[in-house]
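Biologist: I would like to learn how to read this model. Please take me through it one feature at a time.

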Amino acid sequence: MADIFSNVLEIRWEMVLMWVIGGVLIWLAIAKDMEPTLLLPMGFGAILANLPTSGAVTQIINGNTEEGVLDVLFNAGIANELFPLLLFIGIGAMIDFGPLLSNPKMLLFGAAAQFGIFFTFSLAALLGFDLKDAASIGIIGAADGPTSIFVANYFNSNYIGAIIVAAYSYMALVPIIQPPVIRLFTTKKERLIRMPYEQKEVSATVRILFPIVTTMIVGILAPRSVALVGFLMFGNLLRECKVLRILSESAQKELANLVTILLGITIASKMRYDLFVKVDTLVIILLGLVAFVFDTIGGVLFAKLLNLFVKKKINPMVGAAGISAFPMSSRVVHKMGLKEDPTNFLLMHAAGANVAGQIASVVAGGVMIALVEKLI
Amino acid sequence: MNIRFDVDNFLQTPGVVLFGMLGVFIALTVIYLAILLLSRIFKDNKKKDSGATEK
């Protein structure tokens, strides 16, 4: 009997706290529908990884290392960046770049809305995080899970668990985070600016060439991010070529779903109490919020800056959609526009900026890796 | 890690912020120009095609 119950004595308060955190993630996923595809596996994984002497994670028992399945999955799929890249094929196949191709200047908003990444990087460095960890924390502002995983893993950050929890949680919280920030930095008059949408035909050839050309440009200018962009664009090419419909659908459904299941639960291997229950984790979660806020501010202020020079005024709220959280951010902007004026439809402009943010966040990740690598 | 203000660490970052944002803008501007170019080239072809069909 003593042998059976000996494990009970191994329970620590930090483990119980992690069960609660896991429970909260599961509750958010089920009750609040917040990124359920990732938060639910992560929540369950957090419980699984924090049971006393859990066989799901690597343990040293009587001097022997017993490898846990979560660590095996981590080494097989995240440590070598495989899962985020495979997920990007699915995401690329899901995205319709049409609104961006018909209004390509929206790309600039995607660029501006990456400001939070670099601002937060600086702030994290000021708070004493080493540059590799600061860069990994800043990339929460990419508002894009696979990019966050890619960069944090590239820098072998000790905080990968907290970073991913923050990245996915804030993506789900975009409808709560962005509106007050947008209202704070825009006037009512600006929010009422109308942007009539001119439907422009985008030829099939342009749609096919876009992923190829984008991969080549990013590969040449920001080679560190070429794997991410390449896989994203490969997925999009599957979609747009129109001769691989089955592969495109498989990428969007089976591939993305399978990788998501494994990704969520595998991340939990880095949510062990000894790695997670720290003051640093709270600070990282707060810094993630700063990143999302400053992304939004960057996009809005850039739109206001452009308005000083252009004849056709841009509704600055569209700038806020330049963050990569697709499609939440464009919906938020669209709804805010409708709230101000029920006849002002900003959805297509916002969607253009939003998919631009997807490309820009990946480029920002690559640029961050290239620049920080030179400093360390 | 103890959270503390590390000014020396911070002073290494302005270059990354500046060149980082610049790098992102340059990359996206080049993509923007490439889309404009592609749209122009293939729009013209389409017109020719449709003209040929009309004849």
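Modeller: Start with burial: a residue is buried if 20 or more other C-beta atoms lie within 10 Å of its own, exposed if 12 or fewer, and partly exposed in between, with C-beta atoms placed from the backbone. In chain A, 57% of the 376 residues are buried. This is a predicted model, in which local features need pLDDT of at least 70, side-chain atom pairs count only at pLDDT 80 or more, and totals for chains, interfaces and linings use all residues. Residues are numbered from 1 along each chain as its sequence is written, while chains are lettered from A and ligands numbered from 1 in the order in which they are written.

Biologist: What average pLDDT does chain A have?

Modeller: pLDDT is the predictor's confidence in each residue, from 0 to 100. Chain A averages 90, and 100% of the residues score at least 70.

Biologist: Which helix of chain A is largely enclosed by the rest of the structure?

Modeller: Helix H10 (residues 145-154) of chain A is, because 10 of its 10 residues are buried. Among them are A:Pro146, A:Phe150 and A:Tyr154. Just after H10(A), A:Asn156 takes a positive phi of about 50°.

Biologist: Which residues have the most contacts inside the largest nonpolar core?

Modeller: In soluble globular proteins, nonpolar side chains tend to be buried together. A nonpolar core is a set of buried Ala, Val, Leu, Ile, Met, Phe, Trp, Tyr and Cys residues joined through C-beta atoms within 7 Å. The largest one has 149 residues, and those with the most contacts inside it include A:Phe109, A:Val363, B:Val24 and B:Leu28. Helix H21 (residues 347-375) of chain A gives the most to this core, 16 residues.

Biologist: What is B:Val24 in contact with, leaving aside its neighbours within four places in sequence?

Modeller: Two residues are in contact if their C-beta atoms, placed from the backbone, lie within 7 Å. For B:Val24 the partners include A:Ala111, A:Gln114, A:Ala360 and A:Val363.

Biologist: How many residues does the contact take from each chain?

Modeller: Chain B contributes 32 residues and chain A 41 residues. On the chain B side, the largest share, 22 residues, comes from H2(B).

How values were computed: Helices (H or I, at least four residues) and strands (E, at least two) are DSSP runs, numbered from the N terminus.
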